[in-house]
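Student: I would like to learn how to read a model of this kind. Could we go through it feature by feature?

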Amino acid sequence: MIFIAVKFTIRPERSAEWLDLVKDFTEATRAEEGNVFYEWSKSVDNPHQFVLLEAFKDGAAGEVHVASEHFKTAMAWMPDVVASTPEIIHVETPGTGWSAMAEVSPRQ
């Protein structure tokens with residue numbers, strides 16, 4: 001599985017609309033056959049930063065994603081909205097998705 005984490009810092013005057021701007025891109029990516037998950041969160045430390053956690057079943061699925069029209073479209077408009085170059089972590093890892101955390105479980 002390919003796991004990717006990306007921090008997007010958005011221009012302050014555009015950050016309130018970020019999730020609306022990426023809505024179509026997010027939905028199209030989630031619909032890709034090789035997508036495992038594609039989830040946005042907002043930073044608790046920076047009101048203009050959003051964190052994307054995404055995973056694809058393998059390298060081939062990642063290549064399909066990057067070659068897609070929705071990816072190309074998003075990459076064309078994002079430079080006008082980001083405040084800085086996004087930071088990324090991209091790793092290949094064993095597994096097929098999220099696992100349960102061993103150290104914490106709900107109390108009975």
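Tutor: Start with a term. A pocket is an open set of grid points with protein on both sides within 12 Å along at least five of seven lines, and its lining residues have an atom within 4 Å of a point. Keep in mind that this model is predicted.

Student: What is the general idea behind such a search?

Tutor: Rolling a probe the size of a water molecule over the atoms shows where empty space is left. In this case the largest pocket has a volume of about 260 Å³.

Student: How many residues line the largest pocket, and which lie nearest its centre?

Tutor: The lining has 20 residues, and those nearest the centre are Ile4, Glu54, His65, Phe71 and Ile88. By class, 13 are nonpolar, 4 polar and 3 charged.

Student: Which elements supply at least two residues each to that lining?

Tutor: β1, β3, α3, α4 and β4 (87–92) do. The largest share, 5 residues, comes from α3.

Student: Now the helix. How does one read the sides of a helix?

Tutor: An α-helix has 3.6 residues a turn, so residues three or four places apart point the same way. In helix α3 (residues 59–67), the buried residues are Ala61, Gly62 and His65. They lie on the same side of α3 because they cover an arc of only 100° around the axis.

Student: Which exposed residues does the face turned away from the buried side carry?

Tutor: That face of α3 carries Glu63 and Val64. The buried residues, in turn, are covered by elements including α2 (23–30), β3 (49–56) and α4 (69–77).

Student: What is found at the start of α3?

Tutor: There, a side-chain oxygen of Asp58 comes to within 3.2 Å of the backbone nitrogen of Ala60.

Student: Now the loops. Why does Ser15 count as buried?

Tutor: Ser15 lies in the loop between β1 (2–9) and α1 (18–21). It counts as buried because its relative accessibility is 7%. With residues up to four places away in sequence not counted, Ser15 touches Ile10, Pro47, His48 and Phe50.

Student: And where does Asp45 lie?

Tutor: Asp45 is in the loop between β2 (35–42) and β3. Its relative accessibility is 73%, so Asp45 counts as exposed. Asp45 and Pro12 are 33 residues apart in sequence, and their C-alpha atoms are 14 Å apart in space.

Notes: Residues numbered from 1 in each chain as written. Predicted model: local features only at pLDDT ≥ 70, side-chain atom pairs only at ≥ 80, totals over all residues. Heavy atoms only, no water. Buried < 20%, exposed > 50% of the residue type's maximum accessible area, 1.4 Å probe, protein only. Helix = DSSP H or I, 4+ residues; strand = E, 2+ residues; numbered from the N terminus. Arc of directions from axis to C-beta. Contact = heavy atoms within 4.5 Å. Polar contact = N/O pair within 3.5 Å; in protein donor to acceptor, adjacent residues only side chain to side chain. 1 Å grid on protein atoms, 1.4 Å probe; cavity = no way out; pocket = protein on both sides within 12 Å on 5 of 7 lines; lining within 4 Å. Points joined across faces, edges and corners; volume = space filled by probe spheres on them. Nonpolar A, V, L, I, M, F, W, Y, C, P; charged D, E, K, R; others polar.
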